[in-house]
Amino acid sequence: MQAHSDYDVAVVGGGLVGSSVAFGLARQGQRVVVLDEGDVAFRASRGNFALVWVQSKGLGMPAYSRWTVKSAQAWPALAQELADRTALDVCYERPGGFHLTLSEREWTHRQGVMQRLSAQADMPEVSFEMLEHAELARRLPGLGPDVVGGSFCPLDGHCNSLRLFRALHVAGQRCGLHYRAFHGVDRIDPHGGGFKLMTTGGEVQAGKVVLTAGIGNARLAPMVGLSIPVRPQRGQIIVTEKAERFLHFPISTVRQTDEGGLMLGDSQEEAVDPVVGTPVLSVLADRAARMFPRIARLNVTRTWAALRVMTRDGFPVYEQSASHPGAFGATCHSGVTLAANHVFTFADHVARGHLPPAEFEVFSSRRFDVQKVA
Ligand SMILES: Cc1cc2nc3c(=O)[nH]c(=O)nc-3n(C[C@H](O)[C@H](O)[C@H](O)COP(=O)(O)OP(=O)(O)OC[C@H]3O[C@@H](n4cnc5c(N)ncnc54)[C@H](O)[C@@H]3O)c2cc1C
């Protein structure tokens, strides 16, 4: 077995973000260890809605819109590479996606959001359409009469995110990556030009360290001179029994999975516990049934809650440490959408030891200091 001190990079946290970065490093021949709490951990990566989503991303930060579009465009290559390396189909589809509104107020609000988004300087070339009920009903058979209108973006898609999670793990390990469950990191110290990590499973040494521990990044970041202020935000999801396929596009809160079940989601609640509650679930179910009345006839088979990894402004943080060269951090609340960027772009820069400021400065957590002063 490889000695622990032999690693080029220790990736702390084996959720979707960590697994993507780790696979991206391992496919370049880097010697990588992933240190993770294991399947006992509360992971956003196991409870998400599986959208690869572009529309409405980046209001207030056009660079985030560009970053999201770049990942959506790289997703077909990611799905193909994972299939080639693992024979696992992550069921990625990009038919375009809809956001539906159920009142005039929601419709006006959505129009405003999409107009302000498109009017920003430095936005990428993305076409959005605002559609009224009649046109939506033509494109979405079975649409309910309560739907007033909606927005459509051709770059939106979805996948099977549990399969994605598994494929990233398998692909990484086939490239020689070591995954260590039950290795929760308690302390990180600079050591011999690299880092020594004290974990619940023993000590590990590596030349570089990448923090991808989800909510755990807030505690770990100061150990390597970084600041990654994140908080949990609860999201609840309903899954129905399998149904005959009728929904050929993902909707931001309703999608039919590759296996046939309907996923209805997903709430955004300021809460620290991943617990489900019928008041929120009933709102999700009611809205979904008003969008597509046939959903009301389906049995619910599962519900769950999971915690998003949320920054103050909702945008990601990518950062390298000035005081601890070789230490990096990454956090976001769209780890499915951004998986392709984490594999192909972020990991590449970590391997080279430098995040180019032209692309990454905007994502530094130093923006929160500016907001504090302002
Ligand atoms: C309800 C819901 C719906 C969502 N829908 C979408 C969607 O449609 N599309 C999309 O793109 N994204 C979506 N997301 C977000 C997506 O799931 C997350 O961005 C992604 O899972 C975050 O992954 P992560 O790896 O940062 O965090 P997590 O999945 O939380 O993983 C963190 C990992 O770090 C480990 N860890 C923590 N502390 C330590 C430590 N000290 N030492 C070692 N390991 C540690 C944990 O064991 C865990 O494995 C959704 C999230 C939720 C909750």
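Valine 254 stands opposite leucine 264 in strand β14. Strands, like helices, are DSSP runs numbered from the N terminus: a helix is a run of H or I of at least four residues, and a strand is a run of E of at least two. Two strands pair if DSSP finds at least two bridges between them. The structure is a predicted model, in which local features need pLDDT of at least 70, side-chain atom pairs count only at pLDDT 80 or more, and totals for chains, interfaces and linings use all residues. Residues are numbered from 1 along each chain as its sequence is written.

**The four-stranded sheet**

Strand β14 belongs to an open sheet of 4 strands with the order β13-β14-β12-β15 and antiparallel pairing. Strands β13 and β15 stand at the edges, each with a single partner strand, so one side of each is left without a neighbour in the sheet. On average, neighbouring strands of this sheet are turned by 25° against each other, direction ignored; the axes used for such angles are lines fitted to C-alpha atoms, and angles run from 0 to 180 degrees between N-to-C directions. Within the sheet, isoleucine 238 also stands opposite leucine 264, while glutamine 256 stands opposite leucine 262. The hairpin of β13 and β14 has 4 residues between the strands, and glycine 260 there takes a positive phi near 110°.

**Strand pairs**

In general, strands of a sheet pair through backbone hydrogen bonds, either parallel or antiparallel. The table lists antiparallel pairs of this model.

| Strand | Partner strand | Bridges |
|---|---|---|
| β12 | β14 (residues 261–264) | 3 bridges |
| β13 (residues 254–256) | β14 | 3 bridges |
| β9 (residues 185–191) | β10 (residues 194–199) | 6 bridges |
| β10 | β11 (residues 202–211) | 5 bridges |

Strands β9 and β10 form a hairpin with 2 residues between them, and glycine 192 in the turn has a positive phi of about 55°. The bridge partner of isoleucine 188 is leucine 197 in β10. A further hairpin joins β10 to β11 through 2 residues, and phenylalanine 195 has alanine 206 in β11 as its bridge partner.

**Helix α8**

Helix α8 covers residues 339–352, which makes 14 residues, and reaches 19 Å from its first C-alpha to its last, close to the 20 Å expected at 1.5 Å a residue. The expected span is 1.5 Å times one less than the number of residues. At phenylalanine 346 the helix α8 bends by about 35°, the bend being the angle between axes fitted to the seven residues ending there and the seven starting there. The buried residues of α8 include Ala339, His342, Phe346 and Val350; a residue is buried if 20 or more other C-beta atoms, placed from the backbone, lie within 10 Å of its own. After α8 comes glycine 353, whose phi is positive, near 90°.

**Surroundings of the ligand**

The ligand is surrounded by 41 residues, and the closest are Gly15, Gly214, Gly216, Gly235 and Gly335. A residue is counted here if its C-beta atom, placed from the backbone, lies within 6 Å of the molecule. The shell divides into 19 nonpolar, 17 polar and 5 charged residues. Ala, Val, Leu, Ile, Met, Phe, Trp, Tyr, Cys and Pro count as nonpolar, Asp, Glu, Lys and Arg as charged, and the others, Gly among them, as polar. Helix α1 (16–26) and strands β12 (230–242) and β15 (300–311) each supply at least two residues of this shell, and β15 gives the most, with 4 residues.

Conventions. A residue is buried if 20 or more other C-beta atoms lie within 10 Å of its own, exposed if 12 or fewer, and partly exposed in between; C-beta atoms are placed from the backbone.
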